[in-house]
Each structure stands twice: as structure tokens, then as C-alpha cells.
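Please open the model in your viewer and keep the selection panel at hand. The tour below moves from one selection to the next and says what is found at each stop.

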Amino acid sequence: MAVSDEAPAAEVDFAPEIKPLRRRTLPASFQSRLLGGIGIAILLRILLDSELRLKFLTGASLTQGALVAAIALGVVLTYRGSGVVNFATGATAMYTAYVYTGLRVEGKLFLPPLPNPFAIVEGVAHHLDDKSTLRLPRWPTFIDFGGHLTLVSSLLMALVFCVLFGLVLHGLIFRPLRHAPPLAKVVASVGVLLFLQAVIVRRYGTSARSTYLNVGTPKQLTLPFSIRLTVDQVIVIVMVISITLLLWALFRFTRFGLATRAAAENEKGAMLLGFSPEFLAGTNWVLSTVISGLLGVLVAGNQASVDPVAITLLVIPALSVALVGGLNSFGITTAAAFALAASQALIGFLQNRTWYPKAAGAPIPGVAQLLPFLLIVGVLFLRGKSLPTRGAVASGRLPFATNPSLRSTRVVAPIAVAACAVALMFFATPNGRLAIFTSLIGIVISLSFVVITGYVGQISLAQMMLAGISGFTLSKLTGDGIHLYGHTVIPKIPFPLNALVGALFAMGIGLLVALPALRVRGVNLAIVTFAFAISMNEFLFKNPGVSGGFKGASVKIIGPLDPLKTATVGRGKGANVWFGMFLLVVVVLLCSMIVNLRRSGTGRRLLATRSNERAAAAAGVDVAATKRTAFAIASFVAGLGGALVGFRLGSVNQLYFGDTNSLAVLAFAYLGGIACISGAVTAGMLVPSGIVFTILQTVFKVPSEFTLLLGGLALIVTAIMNPEGIAGGFNAKLRERKRARSGESVVAAHAGGGH
Amino acid sequence: MAALLEIENFYGGYEGVAVVRDLTLSVTAGEVVALLGPNGAGKTTTMLSTSGLLPIIKGDIRVFGETVKKRAPHKIARAGLAHVPEDRSLFFQLTVAENLRLGAAKGSADIAQALHYFPALEPLMGRKAGLLSGGEQQMLAMGRALTTNPKLLIVDEMSLGLAPIIVERLLPVLRTVADKTGAGVLLIEQHVDLALGIADRAYVLSHGDLVLQDDAAHLRANRHLLEASYLGGSSE
């Protein structure tokens with residue numbers, strides 16, 4: 001018996017097509033064809049001009065493209081294998097390059113400084129200040145092989161390291177996180193990134209290291225069209241292309257590839273068909289670390305040096321090209337990587353042309369960094385839908401967004417505020433007061449994450465950039481106003497107002513960030529916002545017209561609140577108590593504002609949008625407007641945070657609002673608990689050079705280099721053990737206890753009123 | 001003849017709380033067995049434990065003579081058990097053809113077999129599974145299970161969300177599979193009459209207890225037995 005073709009299945013189980021909220025003017029296929037055509041035309045124009053071609057296809061740009069491609073392939077592999085967008089792929093390549101360099105140049109295999117079981121003993125001993133009596137065994141930092149190793153053996157050992165590292169990442173971190181919300185996975189991978197970077201900085205410092213043992217003149221080859229490459233460069237390029245082909249074949253022709261995609265989407269379904277999800281995901285992790293590590297080694301060797309930052313941050317262009325390939329296609333990913341790197345090289349060349357836009361006499365910076373961002377936005381905007389389509393994989397839940405209880409707002413919060421005020425006034429040393437300043441500002445920035453990520457579920461890595469927009473605007477407003485072509489656009493504005501205007505500027509840019517968020521969701525949004533943050537940092541904050549060039553961008557606050565002054569109250573000199581009080585007032589105001597937001601109808605709309613966009617739209621919530629509201633509020637709060645940073649430091653600089661900090665603030669906000677006010681407060685205490693780390697440093701004498709190392713480790717552990725964050729986990733425990741108590745009474749009532 | 005599936009004094013449930021208590025059940029080759037009962041009776045729990053997705057609290061479940069305790073679900077599946085779960089567990093991002101290919105160890109012959117049972121899937125081969133209608137998804141889930149050439153097929157409420165007319169066309173496929181391939185079939189079904197129409201025997205669970213087991217033909221003839229068991233009365 002067979003079910004016939006005429007079965008009226010389609011009619012009976014009819015699924016109405018959901019109409020997009022906004023009609024597109026052109027069909028998507030036409031749009032993408034048009035863009036493709038323009039791309040090809042530009043490519044032809046470049047390739048036909050011999051001068052441009054030689055700057056486009058240089059050895060350096062092609063090897064850079066190869067490395068970006070390798071990192072992007074790693075990203076695509078882990079995404080397909082386990083649904084994780086791994087921000088640490090670049091860091092893995094960087095770390096492996098260091099492992100290789102250590103073996104090849106010095107014959108030493110360095111070990112991460114953790115875990116040292118003696119550290120606790122040492123800390124206590126330091127605290128007692130009795131070093132003479134304690135002779136602790138030294139924890140080894142290097143394994144010495146006595147002299148440098150050969151190329152083959154050090155490469156082999158580096159690859160063995162990659163295999164092991166892939167297994168560790170899978171087994172210890174991302175396997176336990178497989179059912180966690182995507183944000184937890186992002187945060188864990190950020191934790192890995194920070195940890196790897198911190199280990200390298202701890203062992204080798206931040207400056208670049210030479211990777212060459214004996215530098216000979218590399219042999220030049222002249223290829224057709226007079227492109228000149230060295231043999232090493234050709235090897236690297238050929239290797240990446242063949243890896244791409246192999247991966248393509250693996251996923252195209254084997255059941256392994258198909259099963260990998262299946263298991264990443266529905267683990268249960270894959271298991272029931274006889275596939276082991278653990279084996280599939282683990283294999284893909286190992287493949288990913290080996291590919292990115294191998295190319296990290298080769299390209300670092302090619303570029304003659306390696307440093308902790310450059311390769312790590314290549315993950316941004318890599319993520320961009322991976323997105324162009326839809327986190328799916330290996331071929332498109334690699335092609336896009338080469339095209340991107342070559343275009344960036346070309347921009348570097350075109351900078352010297354007379355028509356190129358200038359700022360303060362020099363070519364405007366950051367255009368090359370703007371490129372990946374524009375690429376991502378273009379691709380995602382064309383592909384994205386205003387509502388998730390039918391059959392789209394639903395992203396996992398986010399931490400519980402508690403409505404603060406009466407007890408916490410009427411009892412706990414006033415006590416905390418009073419304690420902070422008293423500590424500022426009487427107990428804290430000047431150093432302690434500075435730590436309180438930092439933590440209070442950390443709370444403000446974390447609050448912006450509570451609104452945008454906690455309440456409406458949008459992962460934004462641009463909050464630090466928004467803070468920067470406000471900070472730089474403020475520096476103009478406290479200086480002599482904003483001028484454009486000799487006209488005064490905004491005059492100098494007095495103290496409390498200027499911070500608000502700065503925050504309004506951030507809000508305006510924040511609404512710009514919200515544009516992609518209307519069509520892009522989840523981890524893709526995190527990538528877009530991160531690329532936006534980085535490109536703004538390069539394009540605006542490094543622009544001498546904005547940053548004030550050598551003079552810097554100073555920010556002044558009115559005299560009585562000047563953080564560097566000594567107040568009439570408080571212990572010791574400096575670190576003005578009244579500035580702390582001012583911060584405290586701002587924090588209290590913002591917290592109560594956000595508590596009210598959570599309790600209002602708007603708050604409910606935010607949460608409805610977070611939990612299910614389609615359901616929210618069906619229930620009459622304007623999803624786009626809700627997202628815009630959330631972005632506006634969150635960017636305003638972040639902007640206030642940026643203004644406070646400016647007041648606190650007396651100036652603003654692009655480093656503070658840069659890439660690593662953008663990742664770190666999200667990470668710490670998550671660590672504290674991203675969906676509740678108490679989480680933001682916890683996060684504020686945990687931020688680098690905030691209260692917790694200052695106590696660790698001054699009381700337990702933990703060296704400051706360990707800050708990010710411990711932070712990275714804490715992130716990974718928290719993401720695994722406690723996906724709701726520290727405060728969120730605490731709240732969950734409270735809820736559970738309450739439920740257990742009321743559950744008993746319900747059972748008792750049932751028993752009493754039974755028939 | 002040895003039973004393909006033997007469930008013996010089985011206690012199963014969640015976090016140590018038993019939902020099903022002291023269930024004994026068996027399925028032999030070529031036999032279609034219906035597992036009936038009202039909502040919350042523990043039918044799905046029993047199936048999840050059978051395929052290793054849920055740990056067993058007490059008692060034992062043996063598939064092809066070997067216990068499923070402490071065995072990974074994918075190993076039990078490889079031994080020849082196909083489980084069509086309540087949520088169907090399709091891979092929405094993959095096409096119909098790719099979904100079928102994942103089940104088929106031997107390749108195109110198995111897929112042709114599945115398409116023979118569900119010809120309506122033929123024109124949909126290139127479409128993503130997430131875009132299928134509910135009935136089509138259920139056909140795909142069943143078809144995918146059949147491509148694995150199962151020796152034992154367990155199907156959890158395939159009528160969920162489907163119109164009765166579709167169920168009338170889908171259910172008899174299970175009978176055909178059992179007759180043709182000699183596979184054992186255990187199915188959970190809310191459409192009692194339809195299920196009894198194709199089943200050899202039936203078990204009725206209520207609130208976690210086995211309240212009735214009988215030949216399907218006998219139950220069809222004596223509806224009051226079933227009604228009594230569903231309504232919580234004794235079977236006498």
C-alpha cells in the first residue's frame with residue numbers, strides 16, 4: 001500500500017506564506033545579479049590596468065588573503081560542525097604560530113601560566129609578607145628541547161598541538177555548551193580569544209617576534225601577467241586553494257559532510273539515524289584548528305614576524321568573508337578572502353593619489369578596514385528577511401530576564417547605594433576610589449547590554465564604539481564646539497547638558513546600527529556590529545580631525561567634580577569623592593529608569609520580540625519599531641557611559657574604545673548576568689581595574705597581567721557552568737528555592753482539599 | 001521466535017521520577033503493535049527510553065536481545081532500530097533528498113524504496129525540509145526511517161497535527177512494511193480505530209500503568225474494554 005500522489009496533503013496542511021512586512025522594490029535575485037555584475041566590472045577594470053593589477057595581486061596581499069581564507073575556513077568548519085561562530089579562530093592561528101616559533105627558533109615549548117596549584121599558596125604567602133620562609137617549587141614555564149628544532153619536527157609538533165587544542169576546545173568547552181544559547185557560545189569563544197592572547201602577552205610581551213632562523217633572500221618567481229611571488233608565497237597560496245578543494249569534496253561527496261550539517265542542526269535526529277554527533281563535531285573542531293594553525297605558522301614564517309594582535313584580529317575580515325560564503329560555502333569564502341585582501345592592498349596604493357580624500361593633510365585612515373564591514377552589511381542586508389522564515393532554525397533561549405522584586409528595589413538596592421557612598425566618603429583609599437569610579441562606569445556600560453542583549457536579545461558588539469562616539473563628541477563640546485568647513489555647527493555646551501548631547505549623538509549612530517539588526521539576527525548580528533565598531537574605530541576615532549591628532553581629545557568637567565582633585569572629605573589625596581557621588585547618582589537614575597522600562601508595556605514588547613519575533617509580530621508587536629527603541633535606549637546609555645569615561649580620564653582615545661575592549665565589555669556584562677540589573681552591577685564590579693580586580697591586586701597581590709587571563713578563564717567557566725551569568729545564576733537559585741517552598745504548599749493545599 | 005523488542009518491568013521517567021511503572025511489552029518480527037492511552041500516559045517516555053534518549057530508572061529494555069542501558073542512541077540506531085520521534089527531528093536546512101540520503105546506508109536503492117512507499121515526496125526532492133507542509137514532513141520522517149532498512153520501527157504519533165484523511169493513507173504503510181520486510185513495528189496513535197485496523201496487538205497505558213493488553217481484533221469487537229481503560233475504570 002502506498003500513499004498516492006493525489007493525497008491532498010498540500011491542501012489539508014496548508015501553510016500560509018507570511019508576507020514580508022515591507023515590500024522590496026526589486027526581486028532579490030535581480031539585486032544580487034546587479035551587484036555581482038558591478039563587482040565583475042570593477043575586477044576587470046583593475047585586472048586590465050597593469051599598474052593596478054600589480055598592486056592588487058602582490059605577494060603580500062595574496063599571502064594575507066591566504067591566511068584570512070584559512071581562518072575563515074576554520075570558522076565555517078566549526079560553524080557547520082557545531083553551530084559555534086568561533087571568534088578565537090584567529091587567536092588559534094596566532095597561538096600556533098608562537099608555538100612553532102618557540103620550537104623552531106629557541107627549541108622551547110612554552111606552557112600557559114595556568115593552572116599553577118601553588119599560586120594560591122603563593123598568594124597567601126605574599127599576603128603574609130613572609131617570603132623568606134616559604135620555598136615553593138617553581139612551576140615550569142617552558143619545556144626545553146636544547147637548541148632549535150628542524151622545520152619538519154617543529155611543524156609536526158605545532159600540528160600535534162593543534163589537534164590536541166581542537167579536542168580540548170570541543171571536549172571541555174563547546175561540547176558542554178551544545179545546548180546553550182548562541183550568546184553563551186560567542187562569549188565562551190571570546191573567553192578563549194582573551195585567554196590565548198593573555199597567555200602570549202604573559203610569556204612573550206606585546207612586541208612582535210621574529211620567526212626566521214636564518215634569513216636568506218627568498219627566491220622570486222615571475223608568473224604570467226608579470227606578477228612576482230616568492231616560492232614560499234606560492235606554496236602558501238597553493239596550499240590554501242587545495243585545502244579549500246579538499247573540504248569542498250569532503251562536504252560534497254561524503255556522508256560525513258552531510259551528517260555534519262545534519263547533526264549541527266538537530267542532534268537528536270542525527271543520533272536516531274546512527275550518527276555520533278560527538279565524533280562529527282570533534283572531527284570538525286580538529287580540522288578547523290589544524291587548518292588555521294597550519295596557515296598561521298606558514299604565513300607568520302612568510303611575514304618574518306608574529307605578534308599577539310595582528311593575526312588574532314584577522315578573525316574580523318575572516319568572519320566577513322565567511323558570511324559572504326553564507327557560513328556554508330568553502331569556495332566562495334576563499335575567493336572572497338583573496339579578493340578582500342587584494343582590495344585592501346589596492347586601497348593602500350591608491351591612498352597616494354591626489355583625488356583620494358584627505359584629513360589634516362594625510363589620507364583618511366581606515367578605508368581598508370571599512371571594506372569588510374561594507375561587504376558584510378551589503379551581503380546580509382540582501383539576504384536577510386525582516387522576519388525569520390519558516391523552517392529557520394530557532395536560536396536557543398536567553399537568560400531569564402527577571403522583573404526586580406520589591407525587596408530588591410526597596411531594601412537591597414538602597415543598602416548597596418548607601419554602602420558605596422559610605423565607602424567613597426570614609427573608607428576607600430584614593431586607589432580604592434578610582435576602582436569604584438571604574439566599576440560605576442562599568443555598570444553604566446553593562447546596563448546598555450542589559451537593554452539590547454538581555455531584554456531584546458540582539459547581540460551587539462558595538463556598544464563600546466557608541467560610547468566612543470559620545471566621548472569624542474563630548475570632547476568637542478567641552479572644547480570649542482563642533483566646526484565643519486569653518487562654520488560652527490554646535491557651540492560649546494555647559495556641563496551636564498554636554499554629556500546628554502554626546503549621548504544623543506551615540507543614540508543617532510545607534511539607530512544606524514539598528515538598521516542591519518532589522519534583518520540580521522543572532523551571531524550574524526554580532527559579526528556585523530563588531531565589524532561596524534572596528535571600522536568606526538579605524539575610520540573616525542583614528543582620524544586626526546576627530547581625535548585631535550597629537551594634542552589628543554581632552555574632556556573637562558566642572559571644577560568641584562574634577563576626578564583628579566582632592567575633596568574635603570575622604571582618605572588620602574586625589575580621586576575626588578564628589579566625582580564618585582556624581583557617578584553614583586547617574587547609576588541610580590539609570591538603574592531605576594531601566595527597572596521601569598522592564599515593568600512597562602515597552603519592556604514586555606522587548607521581551608516578546610526577544611523570545612519569538614514571528615509570534616510577537618502575530619500578536620501585534622511592531623518588531624522593527626521595538627528593535628529601534630531598544631537600540632536607541634541602549635546606545636543612549638552606552639553614550640552616557642562614554643561621556644563618564646571621558647570625564648573620568650580627562651581625555652578620550654581610540655585605544656579605550658577599540659576592538660579588544662568591545663569584546664571584553666560584552667564578555668564581562670555576560671559574566672555578571674546579562675538580563676538583569678543585578679547582573680550589570682556584578683559586571684561593573686568585575687571589569688578590569690574595577691573593584692574585584694583591585695582587591696585581587698592589592699590584597700592578594702595577583703599581578704595585573706593576569707587580569708585578562710583570569711577574566712578569559714572566568715568567562716569560559718561561567719559560560720559552561722552558569723549560562724545565566726553570576727547574578728542570573730544567583731537569581732535562578734532564589735527562584736528555585738521559592739518555587740520549592742510554594743510547591744510544597746500547593747501540594748499540601750491539594751491534599752487538604754482532595755475528594 | 002525471539003522478540004525484537006522486549007520491555008521488562010520497565011520504570012522510566014525524568015530526573016528519577018517514574019512516569020511509566022512496571023511495563024512489560026514485546027514486539028516480534030513482522031508484527032505491528034499499537035501502544036495506546038490518553039495524554040500523559042507515558043507512551044512517548046517508553047519510546048525515548050527504547051532508543052536510548054532517556055535513561056532507564058528500573059527494569060530493562062532489550063532491542064534485538066541486547067540491553068539498551070548505557071548504550072549511545074546512535075549505536076542502538078546502527079543495530080537496526082528506527083525511531084520516528086514525535087517532533088519528527090527532520091533536518092530543516094537540508095533538502096528532502098539529503099534527508100533521505102542520510103538514512104540510506106546503501107545509497108540510492110534504499111531511497112527508491114522509500115519513494116515507492118511515499119511517491120508524493122518525489123517532486124519535492126530538491127526542496128528544503130523546513131518548507132514542507134506538515135503531512136509532507138511526516139512522510140519524509142517515515143521515509144527517512146525506512147531508508148535505514150530497520151529491523152524494528154517505532155513511530156511516535158505520526159498523526160499529530162494531520163488531518164484524519166492523511167492518517168488513513170499513511171498508517172497502512174506501516175502494515176505493508178511489517179508484512180514485506182518482516183520488521184517489527186511499535187506505534188503510538190491517538191486515532192484508536194485506525195491503529196487497531198492495522199495492528200496485531202495493542203497495549204493500553206493509563207497514568208503510567210499498563211491497564212490492558214489484547215489482540216487488536218478482540219479490542220475492535222469489544223470497544224467497551226478500551227473505553228473503560230481510557231476512562232480509568234477497571235477492564236472488567
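Two strands count as paired if DSSP finds at least two bridges between them, and the strands and helices themselves are DSSP runs numbered from the N terminus, with at least two residues (E) for a strand and at least four (H or I) for a helix. The model is predicted, so local features are given at pLDDT of at least 70 and side-chain atom pairs at pLDDT 80 or more, whereas totals for chains, interfaces and linings use all residues. Residues are numbered from 1 along each chain as its sequence is written, with chains lettered from A and ligands numbered from 1 in the order in which they are written.

Select strand 9 (residues 201–206) of chain B together with strand 10 of chain B: the two run antiparallel and are joined by six bridges. Within this pairing, Ser206(B) has Asp209(B) in strand 10 as its bridge partner.

Now widen the selection to the open sheet of chain B, in which six strands follow the order 6-7-8-3-9-10 with mixed pairing. Strand 6 (81–84) and strand 10 (209–215) of chain B each have a single partner strand, so one side of each is left without a neighbour in the sheet. From one strand to the next, the twist averages 15 degrees, where axes are lines fitted to C-alpha atoms, for helices over the stretch in contact, and angles run from 0 to 180 degrees between N-to-C directions.

Contact here requires C-beta atoms, placed from the backbone, to lie within 7 Å.

Next, colour chain B by domain, with bounds from an automatic or database domain assignment: domain 1 covers 1–80 + 154–236 and domain 2 covers 89–149. Their C-alpha centres lie 24 Å apart, and seven residues of domain 1 of chain B are in contact with seven residues of domain 2 of chain B.

Move to chain A, where domain 1 is 51–113 + 140–213 + 226–314 and domain 2 is 431–738. Their contact takes 23 residues from domain 1 of chain A and 21 residues from domain 2 of chain A. On the domain 1 side, helix 8 (residues 182–204) of chain A gives the most, with 16 residues.

Finally, select Val450(A), which, leaving aside neighbours within four places in sequence, is in contact with residues including Tyr455(A), Ile594(A) and Ile674(A).

Notes: Contact = placed C-beta atoms within 7 Å.
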